[in-house]
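I opened the model to look up a few things. My notes follow the order in which I checked them.

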Amino acid sequence: MADVEANRAAQRELYGEPLGDVLDRCRAVLGLNQSRLAVLLGISAPMLSQVMSARRIKIGNPSAVRRLQVMVECVASVETGQMTIDQALTEITGAGASGEALTGTARRTSPRETAAAVQAVFRSVASATDHLAAAGLLEEQYPAVADLLRTYGAGSLDDAATHLSRSGG
């Protein structure tokens, strides 16, 4: 049980909250069962179960992580009435790595989607706490690098999207 709590804490540090909470919210809003959720993410049902129960800390497949990011954004849009559930499911189904649809046809990504992908890379290699500590060490000599670590390694998605827009992304 201690391992599960440690894993939940690690998920909270990496993603802001345990993945079980994130995935449960997605399932509830989109009206999905766990099996359908696994199919949408492109992972096995056992892997999904392990992530949701915190027996596993993170999803290792970058395409599945990308689809989860799109799913979270779509769920927020459904909750605010900006998107229907059917529109959300279509968007999630089409989301693949680097903004490419799963069918192989390219689509243009928004700055917010790009920022989310960059954040996923940063957060796959270190925790928010580690990024902030590294930023503190680099601040005096390399302030721009420290800013990247804070923004993409520990900041909010809104901050990352704003940073990306300011930097010409």
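**Valine 118**

I looked up valine 118 first: its relative accessible area is 27%, so it is partly exposed (between buried, under 20%, and exposed, over 50%; 1.4 Å probe, protein chains only). This is a predicted model, where local features need pLDDT of at least 70, side-chain atom pairs count only at pLDDT 80 or more, and totals for chains, interfaces and linings use all residues. Residues are numbered from 1 along each chain as its sequence is written, and side-chain values use heavy atoms, leaving out hydrogens and water.

Valine 118 sits in helix α7 (helices are DSSP runs of H or I, at least four residues, numbered from the N terminus). I then checked valine 118 against alanine 161: 43 residues apart in sequence, 9.8 Å apart C-alpha to C-alpha.

**α2 against α4**

How do α2 and helix α4 (residues 45–52) pack? I found an angle of about 120° and axes 7 Å apart (lines fitted to C-alpha atoms over the stretch in contact, angles running from 0 to 180 degrees between N-to-C directions).

I listed the contacts (heavy atoms within 4.5 Å). Leu19, Gly20, Leu23, Asp24 and Arg27 of α2 meet Leu48, Val51 and Met52 of α4. By class, I noted five nonpolar, one polar and two charged residues (Ala, Val, Leu, Ile, Met, Phe, Trp, Tyr, Cys and Pro are nonpolar; Asp, Glu, Lys and Arg charged; the others, Gly among them, polar).

Methods. Helices (H or I, at least four residues) and strands (E, at least two) are DSSP runs, numbered from the N terminus.
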